[in-house]
Amino acid sequence: MPKGNIINRDSFLTNIREKIGGIAADKPVEKPSWSVKPQKKVLEGYDQDQLISVLREQCKEIHTDFYQTTLAELTGTITEVMEEYESESIVYSDDPRFDNANIEEYLQGLNAFKWDRNDRENSIKVAERAEVGITFSDITLAESGTVVLLNDKGQGRSVSLLPANYIAIIPKTSIVKRMTQATDYIHAKVEKGEDIASCINFITGPSNSADIEMNLVVGVHGPIRAAYIVVDDL
Amino acid sequence: MPMHIGEKDFKKRVTKGLEDDFMRGAVRSAQGRLQDKRATAADELGDWEDWRTLGSEIRSHTIEHLDYYLHQLSEKVAELGGHVFFAETGEEANEYIQKVATEKEAKKIAKSKSMVTEEISMNEALEAIGCEVIETDLGEYILQIDDHDPPSHIVAPALHKNKEQIRDVFHEKLDYLKSEKPEELALFAREKLREEFLSADLGITGCNFAVAESGSFALVTNEGNARMVSALPKTQITVMGMERIVPGWEELDIVVSLLTRAAVGQKLTSYITALTGPKQLEEADGPEEFHLVIVDNGRSKILGTEFQEALHCIRCAACINVCPVYRHVGGHAYGSIYPGPIGAVLSPLLSDYDEYKELPYASSLCGACTEVCPVKIPLHEQLIMHRRKIVEDEKKSTLSERVVMRGFEQLVNSANLYRTATKMAPFLTTPFAKNQLITKGPGPLKHWTHARDFPQPANERFRDWFENRQKRGEKNA
């Protein structure tokens, strides 16, 4: 993609520099080492199974249904959730992990649509009508009960957004303590000059709002119900 | 909506707030819930004070090197193919946004919550060129439907309305026929707004935090509307106040963790959406064209002054949620889209003392705001600095106050005058007193006795009492 325009920058930044006595912009600013790092102490020493317990507990706080299963039982668990949500139509990401987990074939047997990265109009239209959206979680944060989706290429932003129900398949190995580990991972990619996904979503349960008398309403613009399925051997 | 809202006169706004019993009830209960949730979330972390220290260090460093980080941010955004416009004033920002809307022939614009766009009256500017702007945050949507009622809180803008009022507004304007249950009201808004998201030509978002190292923007939301606005329309404009930036992802973790806890007591909100440039090849959804508008609009006036820390604010509203003054008068009384303690600090800085000279006095200086601020802004000390400036530098106190203070100065500078005056005080006040209490004071005392009684000065002055007590045998009294 060609470089974008930058307009009015010089006068704007010169004004700021005069006020704060800043140094010239071409000299890099050294970030200080912060005096405390409390984020590193959260859930320190927890192993993967303890993190799953934290995640399970947190799911109660965020109105999310929690399931734990194995690769062999995964299709059965998805069927169970679909029945619970009284849903039949599915949209899922164009993601090789569906095939690797041997569930692509199962999904194809249902009323399921694989997100088409080359067809904006139709993909959005189908996702809008689908009753369930299914994605894998790229990184899972135990503390907050968050699935992190690195949305690019075949991983459409709409899959986890437009349907009324959302299912996240969580490989056990994707579970980390908290946001710190996810931002460290992204920071490392930036440092190495690698691209990061154009849309990184930190999703914590279904959508909600407390805008009416501070009463929590679960299900506003995004999904109304959400399920996390932790897969032990993924 | 401009920054200034409601009645011009401060006292009239306050009176209106004090007389609105429903609003006061709503504010009391909301404050209670939000305070509890914040305190629980902070306790759970265990070392909340360390988190605050870190937040404060990050914000100080970033603002001290704002030029560097804004430069880095704009380079990264442009490398990714996005366009960056630096706007010194609200007008410049609006002109640019109008130009983009015109070029894209945008008729319908879906917008997620943004205080800075309120501050610069962006909606009005877009409506002036024939665009329809739809607020998609549930609270903002309710206010927009209700003939553009101004927001009264920076996180929960419709805090002053009850569910029955919202039901009636939906009924009157949108033919809503269901009950006042929040679930039914929200479902109705979901259905109405879904059509708008899908047909909008342009999406506009605010920005909680920009990340300089990668040219990214984090939107911190619960409803999912900001995700819609950044996934479905083909063009996206993000408007940010120039101070809303952190150096890198490590710092984003900290400020987001502080924001969600301090604002609503959540470990993370339902959605933290980090957007980096327009959509890339082989992506179906997301904006094909991305514009970033960085707004100064008075912020640079604050840099390098004793108020610089006000720019550390991460807009969590924790100070508003604990403020006893806000509790009584409500958000609209401040006359600014930024109410509460941070509003009382920021509004006179972004505008001027002519417009907001009363706000630094709308505080009991109890310091609760400073105590809860997740980035340690010394809010109540900044209010005192404002008061000093208003009186000493700007000479904006009232004539009567200046006369009284001058008189007081002379009185306490002369021993004779002081002695005479304090001896006279009980006699002079006798006509106004009943049972040693003045309930309807004269002149300047009137404002005090309007709210509470004033004790009549005792017949014996303290110094006389002290000297006489030995004679009266009250040595150990």
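Chain B is divided into domain 1 (52–301) and domain 2 (399–468). These bounds come from an automatic or database domain assignment. The centres of domain 1 of chain B and domain 2 of chain B, taken over C-alpha atoms, are separated by 54 Å.

This is a predicted model, in which local features need pLDDT of at least 70, side-chain atom pairs count only at pLDDT 80 or more, and totals for chains, interfaces and linings use all residues. Residues are numbered from 1 along each chain as its sequence is written, while chains are lettered from A and ligands numbered from 1 in the order in which they are written.

**The two chains**

The table sets out each chain. Helices (H or I, at least four residues) and strands (E, at least two) are DSSP runs, numbered from the N terminus. A residue is buried if 20 or more other C-beta atoms lie within 10 Å of its own, exposed if 12 or fewer, and partly exposed in between; the C-beta atoms are placed from the backbone.

| Chain | Secondary structure | Span of the C-alpha trace along its principal axes | Buried residues |
|---|---|---|---|
| Chain A | seven helices and 13 strands | about 65 × 45 × 45 Å | 49% of 234 residues |
| Chain B | 22 helices and 13 strands | about 95 × 55 × 45 Å | 52% of 477 residues |

Contacts can also be sorted by distance in sequence. Two residues are in contact if their C-beta atoms, placed from the backbone, lie within 7 Å. Take the contacts in chain A between residues at least 6 apart in sequence: 72% of them join residues at least 24 apart. For chain B, with the limit again at least 6 apart, 73% join residues at least 24 apart.

**Where the chains meet**

In the interface, 74 residues of chain A are in contact with 84 residues of chain B. On the side of chain B that touches chain A, helix 4 (residues 66–79) of chain B gives the largest share, nine residues. That side of chain B holds 37 nonpolar, 25 polar and 22 charged residues. Here Ala, Val, Leu, Ile, Met, Phe, Trp, Tyr, Cys and Pro count as nonpolar, Asp, Glu, Lys and Arg as charged, and the others, Gly among them, as polar.

One helix pair spans the two chains. Helix 7 (residues 179–191) of chain A packs with helix 12 (residues 249–264) of chain B at an angle of about 155 degrees, and their axes are 8 Å apart. Helix 7 of chain A is therefore roughly antiparallel to helix 12 of chain B. Axes are lines fitted to C-alpha atoms, for helices over the stretch in contact, and angles run from 0 to 180 degrees between N-to-C directions. Angles under 35 degrees count as roughly parallel, over 145 as roughly antiparallel, 65 to 115 as roughly perpendicular and the rest as oblique.

Helix 7 of chain A contributes Met179(A), Thr180(A), Thr183(A), Asp184(A), Ile186(A), His187(A) and Val190(A). They meet Trp249(B), Glu250(B), Leu252(B), Asp253(B), Val256(B) and Ser257(B) in helix 12 of chain B. By class, this contact of helix 7 of chain A with helix 12 of chain B has six nonpolar, four polar and three charged residues.

**A helix pair within chain B**

Helix 15 (residues 340–350) and helix 18 (residues 379–393) of chain B pack at an angle of about 40 degrees, with axes 9 Å apart. These two helices of chain B, helix 15 and helix 18, are therefore oblique to each other. From helix 15 of chain B, the contact uses Pro341(B), Ile342(B), Ala344(B), Val345(B) and Pro348(B). From helix 18 of chain B come Leu379(B), Gln382(B), Leu383(B) and His386(B). The contact of helix 15 of chain B with helix 18 of chain B has seven nonpolar, two polar and no charged residues.

Most residues other than glycine have a negative phi. Asp147(B) is not a glycine, yet has a positive phi of about 50 degrees. Asp147(B) lies in the loop between helix 8 (138–145) and helix 9 (163–174) of chain B. With 8 other C-beta atoms within 10 Å, Asp147(B) is exposed.

His148(B) is found in the loop between helix 8 and helix 9 of chain B. Phi of His148(B) is also positive, near 60 degrees. His148(B) is exposed, with 12 other C-beta atoms within 10 Å.

In chain A, Asp47(A) sits in the loop between helix 1 (9–20) and helix 2 (48–61). Asp47(A) counts as exposed, with 7 C-beta neighbours inside 10 Å. From Asp47(A) to Ala72(A) is 25 residues in sequence and 24 Å in space, C-alpha to C-alpha.
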